[in-house]
Amino acid sequence: MSVYSGRDIALFVVAFFFPPLAILVKRGCGIDFLINICLWALGAVPGIIHAFYIVHKHNDNFEDLERGGLQYQQVPSEEPSRVAYGATNADHQ
């Protein structure tokens, strides 16, 4: 499985040339978009860095714990009275 989806890779390319558009596609018209417009107006480099950060932070392939990205199952332990739990990736079962 790739770290980034094809959409995210395309957004990285868009973010390099026009950062506010990448933010608009990724997060919509919100505070991140307004922050990026301000940073981009101050200079291209701060806007590009911010856009790369937002695309990376809100990665499509990121396993979100709150959405059930990981499931916990009992794992055997040496002591029968002690119960241990471990994370498993639900996609690979």
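Let me start with Val25, which sits in helix 2, where helices are DSSP runs of H or I with at least four residues, numbered from the N terminus. This is a predicted model, in which local features need pLDDT of at least 70 and side-chain atom pairs count only at pLDDT 80 or more, while totals for chains, interfaces and linings use all residues. Residues are numbered from 1 along each chain as its sequence is written, and side-chain values use heavy atoms, with hydrogens and water left out.

Val25 takes part in the contact between helix 1 and helix 2 (heavy atoms within 4.5 Å), in which Arg7, Asp8, Leu11, Val14, Ala15 and Phe17 of helix 1 meet Pro19, Leu21, Ala22, Val25 and Lys26 of helix 2. Those contact residues divide into eight nonpolar, no polar and three charged, counting Ala, Val, Leu, Ile, Met, Phe, Trp, Tyr, Cys and Pro as nonpolar, Asp, Glu, Lys and Arg as charged, and the others, Gly among them, as polar. The two helices pack at an angle of about 150 degrees, with their axes 6 Å apart; axes are lines fitted to C-alpha atoms, for helices over the stretch in contact, and angles run from 0 to 180 degrees between N-to-C directions.

Asp8 and Lys26 also join their side chains in a salt bridge, at 2.6 Å from N to O, the term meaning a side-chain nitrogen of Lys or Arg within 4 Å of a carboxyl oxygen of Asp or Glu. This pair links distant parts of the chain, 18 residues apart, with Asp8 in helix 1 and Lys26 in helix 2.

Turning to the other pair, helix 3 (residues 31-42) and helix 4 (residues 44-57) pack at about 155 degrees, with axes 7 Å apart. They are therefore roughly antiparallel to each other, a label for angles over 145 degrees.

Key:
Parallel < 35°, antiparallel > 145°, perpendicular 65-115°, else oblique.
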